[in-house]
Amino acid sequence: MPNIKINGKPLTVEEGTTILEAAKANNIKIPTLCYYPDLDIKSDCRVCSVEIVGQKGLKTACSEPVWDGMEIRTNSPRVLNARKVLTELILANHDANCTACEKNMNCELQTLANTLGIDENRFENVLEERPLDTANPSITRNPNRCIKCGRCVDVCKNVQGIHVLDNMGRSNEMEITPAYGKYLSDQECTFCGQCSSVCPVASITEKDKSDEVWEALHDEDKHVIVQVAPAVRVSLGEEMGARPGAIVTEKMVSALRSLGFDRVFDTDFTADLTILEEGHELLERVKEGGTLPMFTSCCPGWISFAEQQYPELLDNLSTCKSPQQMFGSLAKTYYAKKEDIDPEKLHVVSVMPCTAKKYEASREEMRVDGENPDVDTVLTTRELGKMVRQMGIDFDELEPSSFDDPFGITSGAAAIFGASGGVMEAALRTVSEVVNEEPLKQLDFEDVRGLEGIKEAEVELGGNTVRVAVAHSLSNARKLAEEVKQGDSPYAFIEIMACPGGCIGGGGQPYNTTNATRQERIDATYRVDSRMEIRQSHKNPVITTLYEEYLEAPLGERSHKLLHTHYQKRN
Amino acid sequence: MLENILKEYPRQEDYLIEVLLEYQKQKADRHIGEDEIRRIAEHLGVTESKVWSVITFYTFFSTRPRGENIIQICKDVPCYLNDGNTVQRTLEQLLGVQVGDTTKNQKFTLEHTSCLGHCDGAPAIRINDKTYTNLSVDKLKAIISEYRGNT
């Protein structure tokens, strides 16, 4: 193991580590900007420059491996000055109107400038203003704030394999844009929002809809209800200063009540409903020789990806709407009728870990009356965090409370929808019991859990062994989709989630999401499940009542009208 | 024409620059348009963003139609320090167009380029495949009139 010195302090570090990793392991902080855990090393910004004794130029700590005898200075006057100049140059080509920015106080560039003691910029600002891309319902791209760190390109190209964003032009004229300098919506963007999740500044953000929600909440004529996705309860805590993996379900419900929502409901309820519909759809396809393998359809990023890049596989997609949209259509019909509310006066808000959900809610086919959207406004976890802070709510001090009836009773199977493998596991918990006609002995399907890119499992169904697979991140989804396209997929059922780790790692989740945070949120998700009294969707008594009262049977006529959809090729 | 070139190349990202060079060379107005980018991307199995990124990186390539003669002014530091601005001003005056534009008679397109590798002879320009160094106003006038006469 190499012996090195950092700022005069002798250290023994792991072979093959970079200076940045060695420093971090020894609690020595080197500032970074383009560096992001789990992504490629880019050394674009050069902010992590350090001095190596005996060498002429400065080296970037993120990319430079250590060697035996290396002496590093991370805070010599030369290093500090270089970092300051570099950061001032970045700021000189940046829309640095910080108080008029979504990420004020939550911006990596602002924090860096503050850390380096930049209180005035010696360089004149040379920014040439460019138009914003606001042409889609999910994501806003503001090129005037872009600092060209390249994280969004990396995540779009390598993690998601979509490659909508790239560096265009060269030198001081280089910009990061979609092809032809056009809009995201002109290209095959799925609005997964992973770019917004890793952007260190506010150049790529979710399209903020909190004002629309405030307006509805303040409108006395409106009955405003909210649904919250499974993945939000294990991540909202981070927005409120808690450690990753904190479960904040009951405080979150109280916070939503404090914001003024008339009813606080759980998307987990329609996740249970999804399992009933999707499970029966799978069984019907198997029994009647329908198109197999069947893909899950809960993830709008995946749906867009399939519609754009695999139109030949659209018959393989489950026709089930996502839980968000099942909730929306039930709210505007069943709930409105039951509560005697004019659907026109009912405003449905959803809180999602996802930016693509904003696009999903805006789709033409997601309107039961053919006109008004079933889900009126979609907020991300981050936007909810912002609203709670705006209201001056002391989150830690909130009294815990529970979701409202009737969409508040849920199962553990629904709770795990947010983690990659969760929809598959939830489906298997129900399908195996229905087919095998005996209680399932082991409810945990460990094989489909965790952060491995593609996971497989075998299950016994009615005497047959059936193979299933799970993929998360679109580059892995592509591998399974290609297999199906070539006709050599060995699976009967495939779950796809577009974001790494599933919805818990969604593009609308709190900033600074890394694989370590993803794992914490996943662990929390399975803790939520293990504490639930009911852990299988078909055992949810309210689901049974809903079928008795309204829907009749899974895949019935009313289900088809309200809970299922169709797909089309899109360019 | 594009199809004839594409059929010579397999579906492999490695051939992108070769395809672009070959196609641009054969095309009269020496530029690569959006529809062609779409087709090249599809053939090589890369994204349009990738092709757009490569084309906009290399000053050899253009996404706008160009004239008969492509004049590229070096805008890197040694040329800048050796009064490269005068070179640009002189050429703009002589041709009556700004950098990025083409003369009305389609004879000349004026562009910037990054370093031509002739820093010892700064300021430098390139016209088509030929490089001219140690430029002065008079020298530029002579060069341009030569191209006007010859073409």
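Which residue takes a positive phi just after α13(A)?

1. The residue in question is A:Gly392, whose phi is about 70°. Note that this is a predicted model, and the points below should be read with that in mind.

2. Helix α13 of chain A runs over residues 381-390 and is mostly covered, with seven of its ten residues buried. The buried residues in α13(A) are A:Thr381, A:Arg382, A:Glu383, A:Leu384, A:Gly385, A:Met387 and A:Val388.

3. The model holds eight cavities of 30 Å³ or more. The largest cavity has a volume of about 300 Å³. It is lined by 26 residues, and A:Cys298, A:Cys299, A:Pro353, A:Lys357 and A:Cys503 are the closest to its centre.

4. By residue class, the lining of the largest cavity divides into 19 nonpolar, six polar and one charged.

5. Chain B is assigned two domains: domain 1 covers 2-57 and domain 2 covers 69-150. The centres of these domains of chain B, taken over C-alpha atoms, are separated by 27 Å.

6. Confidence in chain B averages a pLDDT of 94, and 99% of the residues score at least 70. Within chain B, helix α7 (residues 137-150) has the lowest confidence, at a mean of 91, while strand β3 (residues 125-127) has the highest, at 97.

Notes:
Residues are numbered from 1 along each chain as its sequence is written. Chains are lettered from A and ligands numbered from 1 in the order in which they are written. This is a predicted model: local features need pLDDT of at least 70, side-chain atom pairs count only at pLDDT 80 or more; totals for chains, interfaces and linings use all residues. Side-chain values use heavy atoms; hydrogens and water are left out. Domain bounds come from an automatic or database domain assignment. pLDDT is the predictor's confidence in each residue, from 0 to 100. Helices (H or I, at least four residues) and strands (E, at least two) are DSSP runs, numbered from the N terminus. On a 1 Å grid over the protein atoms alone, a cavity is a set of points where a 1.4 Å probe fits but cannot get out, and a pocket is an open set with protein on both sides within 12 Å along at least five of seven lines; lining residues have an atom within 4 Å of a point. Grid points are joined across faces, edges and corners, and a volume is the space filled by probe spheres set on the points. Ala, Val, Leu, Ile, Met, Phe, Trp, Tyr, Cys and Pro count as nonpolar, Asp, Glu, Lys and Arg as charged, and the others, Gly among them, as polar. Buried means under 20% relative accessible area, exposed over 50%, partly exposed in between (1.4 Å probe, protein chains only).
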